[in-house]
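These are my notebook entries from an afternoon of looking around a structure. I wrote down each thing as I looked it up.

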Amino acid sequence: MSLKYFTIEERLNANAWDVDIHRPHIKIKDPDKCRTCEKKPCTYMCPAKCYVQQGDYVVLSTEACVECGTCRVVCPHGAIEWNYPRSGMGIWYRFT
Amino acid sequence: MKFDVAVVGAGPAGLAAAYRLASSGFKVVVLERGREPGAKELYGGRIYAYWLDKYLPEFRKDAPVDRWVRKERVSFLTEDKALTVELAITQKEKTSFVVPLVSFVSWLSKLVQGAGVKIVTEVTVDALVKDEKGKITGVQSGSDVLQAEYVIDAEGVNRLLLERAGIVKKLEPELVAVGVKEVLKFENKKVLEERLGLDEDEGLAWALAGYPTEYLPGGGFIYTYKDSLALGVVVYLKNWEKLKTPVYDLVEKLRLHPYIAPLVKGATLQEYGGHMTPVAGINMSPPRYYYDGLLIVGDAAGFLLHTGVLIRGVDFAIASGVLAAEAIKEARSPSAEDLAIYEKKLRESFVLQQLEKFRSADRLLSDESLFRDLALLSTEAAYRYFNIDHNQRTLFEAVREASKKTRVNMLKIMINMIRMLRSL
């Protein structure tokens, strides 16, 4: 049985969004904390792969965020500022 | 404009509360941050009907139901084996059903609007508003403040507003799991039914332990919608360090597992999502469920019962919403003293009685070796029992050999099975 593996990008493309490009709802408050964070759980536990390690740092892109809130809970340094997106913005589930 | 009651969140809990209040003449507004009710909501896939008959009997009339569950399947899954138990109910029972939460919530929101509730979408509430005495007097969104005699917090598992109001601490990883879910659509419902072994319109609820979470606490699930299915994996946040696969790829690994892949072959991905779910039950509850001017319902209050295979959120959410409404109807004022009746109602109802009863389930379910041991030992033992070579084994021999091979301690697993019998 060989089925095609869907990359996370392909999977996220199935979704509907209204991206808030002007004001991201998540921010890394202190990037230096990420630099010294040994294990970087956000890069592992975000279902939408919003957090990617680049060198010692973590790069966050919130466009494909599914708003689960996991990153804020697993961050051992409290370095993530997390808000609900502004009115109507963000993920729009239609089939779940 | 002043409302009697402002409800934050158009989920099952908030809408149920709004419905009951409006039906008794209260002026109610529901504030929802999504484009439409349900836009931000995600669950596994099943709703239990028993308590809905008491708390929301209207659902029997015209709520959307994709399939009534008549097959309960549980599997222990490893890399190359699966051991599956199935309960098939041949009567046309209607005790639990599968439906997209979005569809159910959409139906509920129309019922609620019909009762006179104003649902305002695309409004993100930023904070609960307090007066100088600490009474919650309304909610704030951006620079707008909406006053209300009572506020019902139905904001869901993240409960940022409760945190900002100083009512709860930041969520700890021990209290929650993350669920990742794919909705896979088939060419038509016949294909789905044939693949899953279902009669027409029959529903399947399937829990899978072991492989889906790399043998860590949590599990996989499959629920059958009308012509699509929900496939997902739930992982406890506290175990993240032991995961070898990032959480976004776990669900794909499950889809491509040789036991699952033939079932979903050809199905297209309709949606991909993630959501947190309370796993600690009542241990996640805020210090109280009522404050001056405020009641807390649904996931925000930790009202989700989780015993591994059985997961109940929506019926608990709806009941808590209805009980909050009843409490407000009976309270003489919005003081915490008068609203204490909400907690009394919760304690007299199944909501807190059942959550109390299964209070210790989480301790067992978050035991890191429980599912690993069960999945490895049971599949290996079954394999040795069914695989005939020069020596046909007795059941005991099969288990003993499996225990040796998998290095799962038999005494430990027996103790854990007794714990399971008692607490799950």
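This is a predicted model: local features need pLDDT of at least 70, side-chain atom pairs count only at pLDDT 80 or more; totals for chains, interfaces and linings use all residues.

**Entry 1: α9 and α10 of chain B.** I started with helix α9 (residues 314–330) of chain B and helix α10 (residues 336–348) of chain B, which pack at an angle of about 140° with their axes 8 Å apart. The axes are lines fitted to C-alpha atoms, for helices over the stretch in contact, and angles run from 0 to 180 degrees between N-to-C directions. The pair α9(B) and α10(B) is therefore oblique; under 35 degrees counts as roughly parallel, over 145 as roughly antiparallel, 65 to 115 as roughly perpendicular, and the rest as oblique. I noted the crossing of α9(B) and α10(B) as right-handed. For handedness I used this: left-handed if the near helix is turned anticlockwise from the far one by less than a right angle, right-handed if clockwise.

Which residues make the contact? On α9(B) I found S320(B), L323(B), A324(B), E326(B), A327(B) and E330(B), and on α10(B) L339(B), I341(B), Y342(B), K345(B) and L346(B). Contact here means that the C-beta atoms of two residues, placed from the backbone, lie within 7 Å. Sorted by class, the residues of this contact of α9(B) with α10(B) are seven nonpolar, one polar and three charged. (Nonpolar is Ala, Val, Leu, Ile, Met, Phe, Trp, Tyr, Cys and Pro; charged is Asp, Glu, Lys and Arg; the others, Gly among them, are polar.)

Residues are numbered from 1 along each chain as its sequence is written, and chains are lettered from A and ligands numbered from 1 in the order in which they are written.

**Entry 2: α9 again, with α1.** Helix α1 (residues 12–23) of chain B also packs with α9(B), at about 35° and with the axes 7 Å apart. The crossing of α1(B) and α9(B) is right-handed. Among the contact residues I jotted down A13(B), A17(B) and L21(B) of α1(B), and A317(B), S320(B) and A324(B) of α9(B). The classes for α1(B) with α9(B) came out as twelve nonpolar, three polar and two charged.

**Entry 3: α13 and α15.** L370(B), D373(B), L374(B) and L377(B) of α13(B) meet K412(B), I413(B) and N416(B) of α15(B). That contact has four nonpolar, one polar and two charged residues.

**Entry 4: chain B as a whole.** I got 15 helices and 19 strands for chain B. Its radius of gyration is 23 Å, close to the 22 Å that the globule rule gives for 424 residues, so chain B is as compact as a globular protein of that length. (The radius is taken over C-alpha atoms; the rule is 2.2 Å times the number of residues to the power 0.38.) The C-alpha trace of chain B spans about 80 × 45 × 35 Å along its principal axes.

**Entry 5: chain A and where it meets B.** Chain A has four helices and six strands, and its C-alpha trace spans about 40 × 40 × 20 Å along its principal axes. How many residues of chain A are in contact with chain B? I found 34, against 46 residues of chain B. The chain A side has 22 nonpolar, six polar and six charged residues.

Key:
Helices (H or I, at least four residues) and strands (E, at least two) are DSSP runs, numbered from the N terminus.
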